[in-house]
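I opened this model to look up a few side chains and strand pairings. My notes follow in the order I made them.

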Amino acid sequence: MHYADTFGPLLRQRALLIVILWLATPAWADEVYLLNGDRLTGTIVKMEENVLTLQTDYGGEIKLDWDKVRRISAHNPLRVQAPGHAHDPLRDFFFGTDGVAEMTELTADSPIPLTQITAINVNPVRLTGTISVGGNHS
């Protein structure tokens with residue numbers, strides 16, 4: 001019996017299995033599950049003023065009402081802002097990160113429930129300029 005006759009079919013089967021598993025892996029996209037059961041995929045851009053912005057390949061930028069979101073699953077950590085969840089008040093004051101946590105799963109049962117989240121991936125406000133202080137002492 002020849003070596004190719006014995007192991008040839010086995011190697012082809014393994015190669016086929018590897019290709020099938022590779023094709024079956026999901027794309028690395030964020031997922032947004034809505035209260036009505038719909039599931040949207042794309043990249044979560046931000047959430048502010050109760051509007052979640054999702055960038056999709058199929059519909060461009062989609063804006064969703066935050067009250068309609070049931071669950072979020074993100075590939076990369078999201079910067080989630082919720083009042084009362086600050087860890088370092090001095091740093092938060094100077095760098096504008098009040099109550100910011102990084103999370104990849106957001107549900108009603110997560111450490112910071114969806115109802116308490118006020119913003120996602122929003123850059124802190126930075127004020128630039130100069131302050132002049134003067135005085136006179138006699």
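**Entry 1: a cut-off before I start.** I call a residue buried under 20% relative accessible area, exposed over 50%, and partly exposed in between. I also keep in mind that this is a predicted model.

**Entry 2: Glu 61 and Lys 63.** I applied the cut-off to this pair. Lys 63 has a relative accessible area of 52%, so Lys 63 is exposed. Glu 61 has 48% relative accessibility, so Glu 61 counts as partly exposed. The two side chains meet in a salt bridge, at 3.5 Å from N to O.

**Entry 3: the other salt bridges.** How many salt bridges does the count come to? I noted 4 salt bridges by the rule used here. I looked at Lys 46 and Glu 48 next. Their closest N and O atoms are 2.9 Å apart, and the pair forms a salt bridge. Lys 46 is partly exposed, with a relative accessible area of 30%. Glu 48 is partly exposed as well, with a relative accessible area of 31%.

Then I turned to Glu 105. Glu 105 forms a salt bridge with Arg 71, and the closest N and O atoms are 3.2 Å apart. This pair links distant parts of the chain. Glu 105 sits in strand β6, Arg 71 sits in strand β5 (residues 69–81), and the two are 34 residues apart. Is Arg 71 exposed, partly exposed or buried? I read a relative accessible area of 24% for Arg 71, which means partly exposed. Glu 105 is partly exposed too, with a relative accessible area of 35%.

**Entry 4: Ser 110.** Glu 105 came up again here. Ser 110 touches Met 103 and Glu 105, leaving aside residues up to four places away in sequence. Where is Ser 110 found? I located Ser 110 in the loop between β6 (100–106) and β7 (119–120). Is Ser 110 buried or exposed? Ser 110 is at 11% relative accessibility, so Ser 110 counts as buried.

I then checked what the Ser 110 side chain reaches. Another is the backbone oxygen of Ile 112, at 2.8 Å.

**Entry 5: β1 with β2.** I moved on to the strands. Strand β1 (residues 30–34) pairs with strand β2 (residues 39–48) in the antiparallel sense, over 4 bridges. Val 32 stands opposite Leu 40 in β2. β1 and β2 form a hairpin, with 4 residues between them. I looked at the turn for backbone angles. Gly 37 in that turn has a positive phi of about 100 degrees.

**Entry 6: β2 with β3.** I followed β2 onward. β2 runs antiparallel to strand β3 (residues 51–56), and 5 bridges join them. β2 and β3 also form a hairpin, with 2 residues between them. Which residue in this turn has a positive phi? I found Glu 49, with a phi of about 55 degrees.

**Entry 7: β2 with β7.** β2 is also joined to β7, by 2 bridges, and these strands run antiparallel. I looked up what stands opposite Met 47. Ile 120 in β7 is another.

Terms used
Residues are numbered from 1 along each chain as its sequence is written. This is a predicted model: local features need pLDDT of at least 70, side-chain atom pairs count only at pLDDT 80 or more; totals for chains, interfaces and linings use all residues. Side-chain values use heavy atoms; hydrogens and water are left out. Buried means under 20% relative accessible area, exposed over 50%, partly exposed in between (1.4 Å probe, protein chains only). A polar contact is a pair of N or O atoms within 3.5 Å; within protein, one must be able to donate a hydrogen and the other to accept it, and residues adjacent in sequence count only if both atoms are side-chain atoms. Contact means heavy atoms within 4.5 Å. Two strands pair if DSSP finds at least two bridges between them.
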